Amino acid sequence: MNKDLTAIRDYSYEKLIADTTGHDFFHSERVAKVAQALRLEENAGDEAIIWAASYLHDVIDDKVVDDPTIERQKIVDFLASLEWTNEKIQQVLAIIDNLSYSKELESGKAKLTIEGQIVQDADRIDALGAIGIMRTAYYGGHSQSPLHVPDLTPKQFKTKAEYRETSTVVNHFYEKLFLLEKTMNTTAGKQEAYRRTVFMKGFLTEFYAEWNGKLLTSELNEPKMKE
């Protein structure tokens with residue numbers, strides 16, 4: 001790992017380690033790891049651009065920081081201090097600015113470079129699977145959202161403001177998470193998103209059974225029919 005990549009990782013750690021929304025440093029590190037795996041699978045993309053966008057994408061997220069504009073300029077100054085060209089810096093910012101699901105609701109699918117497509121896929125993959133389930137519950141607690149309200153149906157959002165309205169933890173699966181698979185850009189990203197989505201659907205099957213007070217041990221102990 002060269003000095004620039006180490007410095008970028010350290011910058012992300014400093015900015016995000018204390019986050020309590022599920023968009024912390026370890027989220028960014030997972031995104032970076034998944035993004036690099038996708039880059040190798042797709043055999044495309046600039047490693048440094050992908051690395052920087054992965055580690056820095058939530059540093060200017062308005063869910064995480066008070067003033068995204070100030071933090072955005074700090075990223076520019078930081079990368080410039082590493083002697084990155086303005087062209088490379090703008091590539092990273094273009095990815096960060098067009099990554100989010102909420103922006104996609106209002107503006108449609110952004111035209112991203114292959115680096116942007118890879119980072120976007122990696123970020124959305126981290127919202128799925130076992131990690132996605134944990135992050136959804138964690139953020140639900142942070143935002144004081146109910147776990148589940150059976151008669152509250154999931155919503156369809158068209159704007160960022162609607163998307164940010166308080167829902168329930170379980171409804172978030174239907175309002176966003178199960179929709180992510182169809183938004184993936186890369187072949188490898190689509191495959192991993194499908195696998196993790198199947199896992200989450202199995203989790204909800206178990207959740208509903210437990211929510212309704214069903215004892216599943218009786219099914220496990222049922223005698224098998226002889227062949």
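Mentor: Begin with one residue. At 2% relative accessibility, Y55 counts as buried, because the cut-off for buried is under 20%. Keep in mind that this is a predicted model.

Trainee: Which residue forms an aromatic pair with Y55?

Mentor: W51 does, and the pair is tilted. The ring centres are 4.9 Å apart, with 50 degrees between the planes. W51 is also buried, at 10% relative accessibility.

Trainee: Why are W51 and Y55 separated by about one helical turn?

Mentor: Because they are four residues apart in helix α3.

Trainee: How many aromatic pairs are there in total?

Mentor: The count comes to eleven. Ring pairs also build a cluster from F173, Y174, F178, F203, F207, Y208 and W211.

Trainee: How far apart are F207 and D4?

Mentor: They are 203 residues apart in sequence. In space, the C-alpha to C-alpha distance is 44 Å.

Trainee: Let us step back to the whole chain. How many helices and strands does it have?

Mentor: Twelve helices and zero strands. The C-alpha atoms fill a box of roughly 70 × 40 × 30 Å along the principal axes.

Trainee: What share of the chain is buried?

Mentor: Buried residues make up 43% of the 227 residues. The accessible surface comes to about 12,900 Å², and 52% of that belongs to carbon and sulfur atoms.

Trainee: What do the contacts say about sequence separation?

Mentor: Take contacts between residues at least 6 apart in sequence. Of these, 65% join residues at least 24 apart.

Trainee: Now the nonpolar core. How do I read it?

Mentor: Look for buried nonpolar residues joined through their side chains. Here the largest nonpolar core has 52 residues. Those with the most contacts inside it are I8, L56, I75, L79, W84 and V92. The elements giving two or more residues to this core are α1, α2, α3, α4, α5, α7, α10 and α11.

Trainee: Which element gives the most to this core?

Mentor: Helix α3, with eight residues.

Trainee: Which residues is L79 in contact with, leaving aside its neighbours within four places in sequence?

Mentor: I8, L56, W84, I89 and V92.

Trainee: Next, charges. How many salt bridges are there?

Mentor: The count comes to twelve. Start with E104 and R124, where the closest N and O atoms are 2.9 Å apart. This pair links distant parts of the chain: E104 is in helix α6, R124 is in helix α7, and they are 20 residues apart.

Trainee: Are E104 and R124 buried or exposed?

Mentor: E104 counts as buried at 16% relative accessibility. R124 counts as buried at 4%.

Trainee: Which residue meets R135 in a salt bridge?

Mentor: D126, at 3.4 Å from N to O. Both R135 and D126 are buried.

Trainee: Which residues are linked in a network of salt bridges?

Mentor: K15, E71 and K74.

Trainee: Last, the surface. Which residues make a nonpolar surface patch?

Mentor: Y13, I17 and F26 make one of about 280 Å². F26 is found in helix α2, residues 25-42.

Trainee: Why is F26 called partly exposed?

Mentor: Because its relative accessible area is 42%. Exposed needs over 50%, and buried needs under 20%.

Definitions and conventions: Residues numbered from 1 in each chain as written. Predicted model: local features only at pLDDT ≥ 70, side-chain atom pairs only at ≥ 80, totals over all residues. Heavy atoms only, no water. Patch = residues over 30% accessible without salt bridge, like charges linked within 9 Å, V, L, I, M, F, W, Y side chains within 5 Å. Areas by Shrake-Rupley, 256 points an atom, 1.4 Å probe, with all protein chains shown as cover. Salt bridge = Lys/Arg side-chain N within 4 Å of Asp/Glu carboxyl O. Buried < 20%, exposed > 50% of the residue type's maximum accessible area, 1.4 Å probe, protein only. Core = buried A, V, L, I, M, F, W, Y, C linked by side-chain atoms within 4.5 Å. Contact = heavy atoms within 4.5 Å. Phe/Tyr/Trp six-rings, centres within 6.5 Å; stacked < 30°, edge-to-face > 60°.
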